[in-house]
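Open your viewer and turn on the cartoon view. We will go from one selection to the next.

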Amino acid sequence: IAVDIAGDKEETKNLLSAAEVPVPKGIILYSDETVQRAIDAVGYPFVIKPIDGNHGKGATTNITSYVQAAKALEAARKYGRNVICEKYITGFDFRVLVVNFKFICAALRTPAAVTGDGQHSIQWLIDETNKDPRRGYGHEKVLTQIKVDGFTQKMLDDKGYSLDTIPAKGELVLVKPTANLSTGGTSTDVTDEVHPVNIFLAERIARIIGLDICGIDIMAADLKSPLNENG
(Lines give C-alpha, C1' and ligand atoms only; values in the text may rest on other atoms or scores of the structure.)
Protein backbone atom coordinates (compact mmCIF):
# COMPACT_ATOMS: atom_id res chain seq x y z
CA ILE A 1 0.00 0.00 0.00
CA ALA A 2 2.82 2.40 0.93
CA VAL A 3 4.50 1.87 -2.46
CA ASP A 4 1.19 2.57 -4.23
CA ILE A 5 0.78 5.78 -2.24
CA ALA A 6 4.36 6.90 -2.95
CA GLY A 7 3.83 6.17 -6.66
CA ASP A 8 0.96 8.70 -6.73
CA LYS A 9 2.41 12.19 -6.28
CA GLU A 10 -0.97 13.78 -5.51
CA GLU A 11 -1.90 11.22 -2.83
CA THR A 12 1.55 11.60 -1.24
CA LYS A 13 1.22 15.39 -1.18
CA ASN A 14 -2.26 15.27 0.35
CA LEU A 15 -1.13 12.96 3.15
CA LEU A 16 2.02 14.99 3.91
CA SER A 17 0.22 18.32 3.70
CA ALA A 18 -2.48 17.12 6.14
CA ALA A 19 0.33 16.16 8.55
CA GLU A 20 1.86 19.68 8.40
CA VAL A 21 4.85 18.64 6.28
CA PRO A 22 5.90 21.54 3.98
CA VAL A 23 5.08 20.61 0.35
CA PRO A 24 4.91 22.85 -2.74
CA LYS A 25 1.53 24.34 -3.66
CA GLY A 26 0.06 22.68 -6.73
CA ILE A 27 -2.90 21.35 -8.71
CA ILE A 28 -3.69 18.50 -11.10
CA LEU A 29 -4.52 19.15 -14.74
CA TYR A 30 -6.80 16.43 -16.07
CA SER A 31 -6.61 15.07 -19.61
CA ASP A 32 -8.99 17.58 -21.17
CA GLU A 33 -7.55 20.72 -19.54
CA THR A 34 -5.13 23.35 -20.85
CA VAL A 35 -2.35 25.03 -18.86
CA GLN A 36 -4.34 28.21 -18.19
CA ARG A 37 -5.80 26.86 -14.92
CA ALA A 38 -2.29 26.09 -13.60
CA ILE A 39 -1.10 29.59 -14.50
CA ASP A 40 -4.08 31.10 -12.64
CA ALA A 41 -3.89 28.81 -9.60
CA VAL A 42 -0.14 28.30 -9.06
CA GLY A 43 1.43 31.31 -10.80
CA TYR A 44 4.84 31.53 -12.45
CA PRO A 45 7.38 30.05 -12.11
CA PHE A 46 6.05 26.49 -11.89
CA VAL A 47 6.87 22.86 -12.68
CA ILE A 48 4.87 20.36 -14.77
CA LYS A 49 5.36 16.61 -14.37
CA PRO A 50 3.43 13.36 -14.94
CA ILE A 51 1.37 12.44 -11.88
CA ASP A 52 2.87 8.95 -11.66
CA GLY A 53 6.27 9.58 -13.23
CA ASN A 54 9.71 8.70 -11.91
CA HIS A 55 13.39 9.34 -12.77
CA GLY A 56 12.42 12.89 -13.78
CA LYS A 57 10.79 11.62 -17.00
CA GLY A 58 8.55 14.19 -18.67
CA ALA A 59 9.26 16.83 -15.99
CA THR A 60 9.88 20.48 -16.95
CA THR A 61 11.00 23.00 -14.32
CA ASN A 62 11.06 26.80 -14.03
CA ILE A 63 8.25 27.47 -16.53
CA THR A 64 7.77 31.23 -16.99
CA SER A 65 5.55 31.62 -20.08
CA TYR A 66 2.39 30.20 -21.68
CA VAL A 67 4.35 28.82 -24.67
CA GLN A 68 6.80 26.99 -22.37
CA ALA A 69 3.89 25.68 -20.31
CA ALA A 70 2.05 24.29 -23.35
CA LYS A 71 5.22 22.48 -24.53
CA ALA A 72 5.83 21.13 -21.02
CA LEU A 73 2.27 19.82 -20.82
CA GLU A 74 2.75 17.97 -24.10
CA ALA A 75 6.03 16.42 -22.85
CA ALA A 76 4.44 15.30 -19.56
CA ARG A 77 1.37 13.80 -21.26
CA LYS A 78 3.57 11.32 -23.13
CA TYR A 79 3.77 9.49 -19.78
CA GLY A 80 0.15 9.91 -18.63
CA ARG A 81 -2.88 12.06 -19.40
CA ASN A 82 -3.15 13.66 -15.96
CA VAL A 83 -0.26 15.89 -14.87
CA ILE A 84 0.69 17.74 -11.71
CA CYS A 85 1.62 21.46 -11.69
CA GLU A 86 3.57 22.75 -8.72
CA LYS A 87 5.21 25.96 -7.62
CA TYR A 88 8.87 26.00 -8.69
CA ILE A 89 10.97 26.00 -5.53
CA THR A 90 14.51 27.37 -5.88
CA GLY A 91 17.41 25.83 -4.03
CA PHE A 92 19.45 22.66 -4.13
CA ASP A 93 18.18 19.16 -4.68
CA PHE A 94 18.70 16.76 -1.76
CA ARG A 95 17.84 13.09 -1.35
CA VAL A 96 17.42 11.71 2.17
CA LEU A 97 17.35 7.98 2.89
CA VAL A 98 15.31 6.51 5.76
CA VAL A 99 15.42 2.75 6.48
CA ASN A 100 13.11 1.14 9.05
CA PHE A 101 11.99 4.67 10.05
CA LYS A 102 15.57 5.70 10.99
CA PHE A 103 17.49 8.43 9.15
CA ILE A 104 20.52 6.87 7.41
CA CYS A 105 22.12 9.48 5.14
CA ALA A 106 21.61 12.50 2.90
CA ALA A 107 23.06 13.50 -0.46
CA LEU A 108 23.21 16.76 -2.40
CA ARG A 109 22.26 15.92 -5.99
CA THR A 110 23.63 18.00 -8.86
CA PRO A 111 22.09 17.85 -12.36
CA ALA A 112 24.21 16.60 -15.26
CA ALA A 113 26.56 19.42 -16.26
CA VAL A 114 29.84 20.11 -18.04
CA THR A 115 32.52 22.67 -17.19
CA GLY A 116 33.87 24.80 -20.02
CA ASP A 117 37.59 24.91 -20.85
CA GLY A 118 37.41 27.80 -23.34
CA GLN A 119 38.52 25.52 -26.20
CA HIS A 120 35.96 22.79 -26.79
CA SER A 121 32.24 22.64 -27.66
CA ILE A 122 29.50 21.51 -25.25
CA GLN A 123 29.03 18.31 -27.31
CA TRP A 124 32.78 17.51 -26.97
CA LEU A 125 32.64 18.15 -23.21
CA ILE A 126 29.63 15.82 -22.85
CA ASP A 127 31.45 13.09 -24.84
CA GLU A 128 34.54 13.51 -22.62
CA THR A 129 32.42 13.35 -19.42
CA ASN A 130 30.81 10.14 -20.69
CA LYS A 131 34.26 8.50 -20.98
CA ASP A 132 34.39 8.35 -17.16
CA PRO A 133 34.56 4.59 -16.39
CA ARG A 134 32.05 5.12 -13.54
CA ARG A 135 29.35 6.09 -16.07
CA GLY A 136 27.22 3.32 -17.53
CA TYR A 137 23.71 2.79 -18.92
CA GLY A 138 20.59 2.56 -16.77
CA HIS A 139 21.61 1.72 -13.20
CA GLU A 140 24.47 -0.66 -14.07
CA LYS A 141 27.15 1.66 -12.63
CA VAL A 142 27.50 4.38 -9.96
CA LEU A 143 26.84 7.16 -12.51
CA THR A 144 24.87 7.25 -15.76
CA GLN A 145 25.83 8.40 -19.28
CA ILE A 146 24.61 11.91 -20.18
CA LYS A 147 22.20 11.61 -23.11
CA VAL A 148 21.39 14.66 -25.23
CA ASP A 149 17.58 14.97 -25.55
CA GLY A 150 14.79 17.56 -25.82
CA PHE A 151 15.37 18.70 -22.22
CA THR A 152 19.07 19.28 -22.95
CA GLN A 153 18.15 21.32 -26.04
CA LYS A 154 15.68 23.41 -23.98
CA MET A 155 18.33 24.13 -21.32
CA LEU A 156 20.76 25.29 -24.04
CA ASP A 157 18.09 27.25 -25.98
CA ASP A 158 17.16 29.14 -22.79
CA LYS A 159 20.77 30.32 -22.55
CA GLY A 160 21.05 31.03 -26.29
CA TYR A 161 23.55 28.16 -26.62
CA SER A 162 23.81 25.16 -28.96
CA LEU A 163 25.83 21.93 -28.75
CA ASP A 164 28.53 23.69 -30.82
CA THR A 165 28.89 26.60 -28.35
CA ILE A 166 32.31 26.84 -26.69
CA PRO A 167 31.71 27.85 -23.04
CA ALA A 168 34.25 30.02 -21.19
CA LYS A 169 36.92 28.41 -19.03
CA GLY A 170 35.40 27.37 -15.69
CA GLU A 171 31.78 28.02 -16.79
CA LEU A 172 29.33 25.40 -15.50
CA VAL A 173 26.74 24.49 -18.16
CA LEU A 174 23.75 22.48 -16.91
CA VAL A 175 22.48 20.01 -19.51
CA LYS A 176 19.54 18.48 -17.58
CA PRO A 177 16.78 20.22 -15.57
CA THR A 178 16.55 17.59 -12.80
CA ALA A 179 19.30 16.08 -10.64
CA ASN A 180 18.35 12.40 -11.04
CA LEU A 181 21.36 10.07 -11.18
CA SER A 182 19.50 8.17 -13.91
CA THR A 183 19.84 11.20 -16.24
CA GLY A 184 23.56 11.72 -15.56
CA GLY A 185 23.52 13.73 -12.31
CA THR A 186 26.09 13.35 -9.51
CA SER A 187 25.74 13.24 -5.74
CA THR A 188 27.73 14.49 -2.71
CA ASP A 189 27.40 13.15 0.85
CA VAL A 190 25.94 15.76 3.26
CA THR A 191 24.82 13.37 6.04
CA ASP A 192 26.76 15.20 8.77
CA GLU A 193 25.15 18.57 7.96
CA VAL A 194 21.48 17.63 8.49
CA HIS A 195 19.68 19.54 11.27
CA PRO A 196 18.05 17.33 13.97
CA VAL A 197 14.62 18.83 13.14
CA ASN A 198 15.04 17.67 9.52
CA ILE A 199 16.10 14.19 10.65
CA PHE A 200 12.94 13.99 12.80
CA LEU A 201 10.83 15.25 9.86
CA ALA A 202 12.31 12.67 7.45
CA GLU A 203 11.62 9.81 9.88
CA ARG A 204 8.06 11.10 10.36
CA ILE A 205 7.47 11.25 6.58
CA ALA A 206 8.52 7.60 6.23
CA ARG A 207 6.00 6.66 8.95
CA ILE A 208 3.18 8.76 7.45
CA ILE A 209 3.53 6.99 4.08
CA GLY A 210 4.47 3.68 5.72
CA LEU A 211 7.66 2.93 3.78
CA ASP A 212 10.35 0.80 5.43
CA ILE A 213 12.81 1.97 2.76
CA CYS A 214 12.10 5.57 1.86
CA GLY A 215 13.90 8.09 -0.37
CA ILE A 216 12.74 11.65 0.24
CA ASP A 217 13.48 14.44 -2.26
CA ILE A 218 13.91 17.88 -0.69
CA MET A 219 14.40 21.20 -2.48
CA ALA A 220 15.97 23.74 -0.12
CA ALA A 221 18.84 26.19 0.29
CA ASP A 222 20.46 23.66 2.66
CA LEU A 223 19.62 20.99 5.23
CA LYS A 224 21.55 22.74 8.02
CA SER A 225 18.49 24.72 9.15
CA PRO A 226 14.93 23.42 9.75
CA LEU A 227 12.90 23.09 6.53
CA ASN A 228 9.91 24.93 7.98
CA GLU A 229 12.18 27.96 8.41
CA ASN A 230 14.11 28.09 5.11
CA GLY A 231 11.24 27.78 2.61
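Start with β5 and strand β6 (residues 102-110): 7 bridges join this antiparallel pair. Strands here are DSSP runs of E, at least two residues long, and helices are runs of H or I, at least four, numbered from the N terminus. Two strands pair if DSSP finds at least two bridges between them. Strands of a sheet pair through backbone hydrogen bonds.

A word on the source: this is a predicted model, where local features need pLDDT of at least 70, side-chain atom pairs count only at pLDDT 80 or more, and totals for chains, interfaces and linings use all residues. Residues are numbered from 1 along each chain as its sequence is written, and side-chain values use heavy atoms, without hydrogens and water.

Now click leucine 97. Opposite it, in β6, stands cysteine 105. Next, the turn: β5 and β6 make a hairpin with 2 residues between them. Asparagine 100 in that turn has a positive phi of about 50°.

Select β5 (residues 92-99) with β12 (residues 213-220). They pair antiparallel over 8 bridges. Aspartate 93 faces methionine 219 in β12.

Move to another sheet. In which order do its 4 strands lie? The order is β1-β4-β2-β3, in an open sheet with antiparallel pairing. At the edges are β1 (26-29) and β3 (60-63), each pairing on one side only. Colour β2 (residues 46-50) and β4 (residues 83-87): 5 bridges link them. Lysine 49 has isoleucine 84 in β4 as its bridge partner.

Last, show helix α2 (residues 9-18). This helix lies across β1, β2 and β4, with contact meaning heavy atoms within 4.5 Å.

Methods. Axes fitted to C-alpha atoms, helices over the stretch in contact; angles between N-to-C directions.
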